[in-house]
Amino acid sequence: MKDIVLKDVSKSYDGLTVVEGFNLTLEAGKITCLLGVSGVGKTTILNIIGGLAGSQGSVSGVPERISYIFQNPTLLPNMTVEGNLDFVLRSQIKDKEERKKIIAEAIQNVGLSEFAKAYPYQLSAGMAQRVSMARAFVYPSELILMDEPFRGLDVATKARLLEYFLALWQKSKKTVLLVTHNIDEAVLLSDKILVLGGRPARISAEYFLNSDKFARKLSDKDAAEVFGKIYDWFAAVTPKS
Amino acid sequence: MNKAKLKSIIVRFSPLITVGVFILIWYIAAIAVDIELILPRPALVFKELLALISGKTFWTAVGGTLSRSFTGFAISFALAMILAVAGFAIKPIHRAFSPLVIISRAIPTMSVILLSLIWLTSQTSPILISSLIMFPMFYSDFYSALNNIDKGVIDMAKLYKVGAKDIVTRLYIPNILPSVLDSVRSGISFNVKIVIAAEVLAQTRQSMGISMQISRVMLDTASLLAWTAAAVAISYALELIVELIKRFAVKWRRA
Amino acid sequence: MKKLFVAILIVIIAAAAVFTFAACNNEKGSIKIIVPDGAPALAIAKMLKDKPQFDKYEITYEIVPGAAEISAKIANGEADFAIAPTNIAANIYNKGTDIRIISANTFGNLYLVGTESVSDLSDLKGEVVYNIGMGGTPDLTFKYILNQMGIEYFASDVADETGAKVALHYVSSGAELIPLLKTGNAKFGILGEPAVSQALKNVSGSIRLFAIHDLWADVTEGLDYTQAVFVGRKDAIDKYEGIVEWLSDLLDENVDWIAANPAEAQAALADAGSTLTVALNKQIIRACNIGFVPAKYAKSDINAYLTAMASFNAAAIGGKMPEDTIYYQ
């Protein structure tokens, strides 16, 4: 697994410059968060990394296979939970028995073993997102791109999802890019938080969190401090109307 | 038996009750008019129907009408599906064909029937007519079905580099199946109706249409109504079959 | 319980509505005489023009689009007298409407035309003959004639290659048949006047080959082809004393009048709403074969006609031969 490096990247849409001369490093095996308000350009950067958008400048280290987790769980409505995971694995792992084993384990990791044969219409939003996460991890990728995956979920559901996410991540430690505007997720999941602001977007602050993610709590001293600093920054930057 | 239980029984059998009331009104009206030629009594029509079913000509006619219906259905289904898929995949195709679809939808059925009589034989013109009428309906429905698939899911499949075969057989086909089957269900009985109408004008041999026409010419209203009842029953049976297929094939939706 | 009551109320109201609807049809002050559009309308052309009144009773004369209207209106009492196809007259009588056949009035306006000359009916073997209306009286008549002449036939739009049978194919109107003759899709077809004259005019090389009523006479040893009759409801005949004789005189004198005044006959029809577009002249009127034969003299010809039709499909005449009482004495 290599680091993913963006060097001197620029991108414009319709005459609007989203980023210019942008630099970013996603360390291999670490969870990096791009934190910013809606419209600042974090999805654009994610798309550039994923190869969904072109750009000027250099993008290196991006692996061949990438997993995605979006706000929309994007599950196939016509397939069970198992079927949904199988859908993306079929072309990657040819051995049926091996696939079944891997899928069963992943489903267990997100606590949905009882719902293995349930259809998406029978799942709650949180459960559907768990399947989406299981799918992202079960897919043989070296990079996971997440675009506001926990948006719209209540605190309790989100907290559990974060736990499941970390449980999945612990087994494989893939490189993760989390794009969000929620500070709580950023602080609880990330190794490195990059705060994005301005137009064109630039990194206005970098925060590192070294504590063990699995034991981390928002009330921890360093976590709370980072949370507070970022929050205050946004509050100060946001124009008072 | 308490009130609630009685009510639930009535609700369950309410369709039958409605049919019963309908037949009752028919019976009263038939007695009031009292002219067999104009409105025969239900019992007489039922007797006619039984007589029809036991004869060979009935089944030959039904077979003829059904085979024409299916042929027309198959042609319009295939054409609509091919064009809908093409139009979905390549938007310019959809735009290019939309005037054709609009025209075929707007053409009065009678025009189609009369024109096809000029160009085709009495045995084949009902097939053209049914295809022409069904095509725009199927095309719109199939195209909508494709468009209604969550684009996020399609994107996901591409991002996860799922094979083309799997995308077609596991994503597209199962997700348009409910809409397609709904469309087929309403189309199939409508189709039979149109084919019969065409058969009357085309004087199609061995058809339900011509049998109805002959009954009419013979002033045999009871027989005409019996044929009509048969046509209704057949349409209903076809709809039921499609509904059953749908129940069997589509398990992943709320019932 | 309340809902059940409402439902029953609806049923009663619906039935009552139907009762009133059925009842109101039978109330009218005047006598109504109807006739199908086309050649049969010529049978009362002078009456359409003069609109003669009987005694103190008002009479309305009306052209209706087809035989279906004739049977419905006579059956429900809206009309009192009508020119009707003979088999239709027997049919409604057998289905319960008490009518009397007063006279036979049209004696065959069907002709076989073709774009190729044949000398004998058997020359049609291996050819396709188009007819109008599968199962209708022109169809049954032609089949009867073929049977009597020992000529085999079958239903198809493609001719018999072995040349042993006549293929019979059907269209639903004369308007359809004429273009087919013109393009050569049809070589032979049976049409009724005045459509026949229209076809002969528009289709170059077409000729009038046979008169169906002549063929009929050939196979029945000289009987008249009593295609349409003048009927009256029994209740009207009884109510208006003397009307039958009065009407019979009018029908009789009409025969010569139309032969002598084709233009006026046409005008009379047009004024009454006829959709005939062909210009009538003396030949066409003659070919329409209008006549007048009182029931008692036409009886055996009519019976023969009915028997022949019934031999193919008893439903054509209403299931059985009508009793003699159908004929006005």
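Student: In which sense do strand β8 of chain A and β9(A) pair, and over how many bridges?

Tutor: Let's start with the general idea. Strands of a sheet pair through backbone hydrogen bonds, and the pairing is either parallel or antiparallel. Keep in mind that this model is predicted. Here, β8 (residues 192–197) of chain A runs antiparallel to β9(A), with six bridges joining them.

Student: Which residue is the bridge partner of Gly197(A)?

Tutor: Look in β9(A): Gly197(A) is bridged there to Arg202(A).

Student: What is the strand order of the sheet that holds this pair?

Tutor: Read across the open sheet of six strands in chain A and you find β5-β6-β7-β3-β8-β9, with mixed pairing. The edges of this sheet are β5 (66–70) and β9 (202–208) of chain A, each of which pairs on one side only. On average, neighbouring strands in the sheet are turned by 15 degrees against each other, direction ignored.

Student: Let's move to chain C. How many helices and strands are there?

Tutor: Chain C has 13 helices and 12 strands.

Student: What does the radius of gyration say about chain C?

Tutor: The idea is to compare the value with that of a compact globule. For 329 residues such a globule would come out near 20 Å, so the 22 Å of chain C agrees. Along the principal axes, the C-alpha atoms of chain C fill a box of roughly 70 × 60 × 35 Å.

Student: What percentage of the residues in chain C is buried?

Tutor: Of the 329 residues in chain C, 45% are buried. As for contacts between residues at least 6 apart in sequence, 78% of those in chain C join residues at least 24 apart.

Notes
Residues numbered from 1 in each chain as written. Chains lettered and ligands numbered in written order. Predicted model: local features only at pLDDT ≥ 70, side-chain atom pairs only at ≥ 80, totals over all residues. Helix = DSSP H or I, 4+ residues; strand = E, 2+ residues; numbered from the N terminus. Rg over C-alpha atoms; globule rule 2.2 N^0.38 Å. Buried ≥ 20, exposed ≤ 12 C-beta atoms within 10 Å, placed from the backbone. Contact = placed C-beta atoms within 7 Å. Pairing = 2+ DSSP bridges. Axes fitted to C-alpha atoms, helices over the stretch in contact; angles between N-to-C directions.
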